[in-house]
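Colleague: Could you take me through this model, one question at a time?

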Amino acid sequence: MWFYRRILRVKWTDKRTNESVLKELKTKRTLLNLINVRKLKCIGHALRNHRTSLMKTVCEGRLDGRRRKGRPPMSLLTNLTTACGLSLHQIVQKSQDRAGWQQRVRSSIATANTASGDADR
């Protein structure tokens, strides 16, 4: 968004929404969709790996202790569950079937593009 604002020469003091900048440039947000797709592909690969359970332990593990004050940071697991609309247990089960998981990733892309109004790409 910073780069788009620089192209349009929008000052940082101007009260313009990101949506108005995107509309003026006639573009959509595609970077977030690409990041979510890569996360889903990576987690599917990590959970299917039978040689070592380290990646699976890292993805599914929890740490003991107290969290810091303030807003909790977004975790990878939270991002994944919101991106594909499944619980962690369902993600682990469905990622074991490689073809099914690839189809699930493609369908999550399609729903994200439809929700953002980007179905024609």
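Colleague: Which helix holds Val-92?
Modeller: This is a predicted model, in which local features need pLDDT of at least 70, side-chain atom pairs count only at pLDDT 80 or more, and totals for chains, interfaces and linings use all residues. Residues are numbered from 1 along each chain as its sequence is written, and side-chain values use heavy atoms, with hydrogens and water left out. Helices are DSSP runs of H or I with at least four residues, strands are runs of E with at least two, and both are numbered from the N terminus. Val-92 lies within residues 88–95, which form helix H6.

Colleague: Is Val-92 buried or exposed?
Modeller: Buried means under 20% relative accessible area, exposed means over 50%, and partly exposed lies in between, with a 1.4 Å probe and protein chains only. Because its relative accessibility is 14%, Val-92 counts as buried.

Colleague: How are H3 and H5 oriented to each other?
Modeller: Axes are lines fitted to C-alpha atoms, for helices over the stretch in contact (heavy atoms within 4.5 Å), and angles run from 0 to 180 degrees between N-to-C directions. The axes of H3 (residues 31–48) and H5 (residues 76–84) come within 10 Å and cross at roughly 110°. Angles under 35 degrees count as roughly parallel, over 145 as roughly antiparallel, 65 to 115 as roughly perpendicular and the rest as oblique. H3 and H5 are therefore roughly perpendicular.

Colleague: Which residues of H5 meet H3?
Modeller: On the H3 side, the contact involves Asn-36, Lys-39, Leu-40 and Ile-43. Their partners in H5 are Leu-76, Asn-79, Leu-80, Ala-83 and Cys-84.
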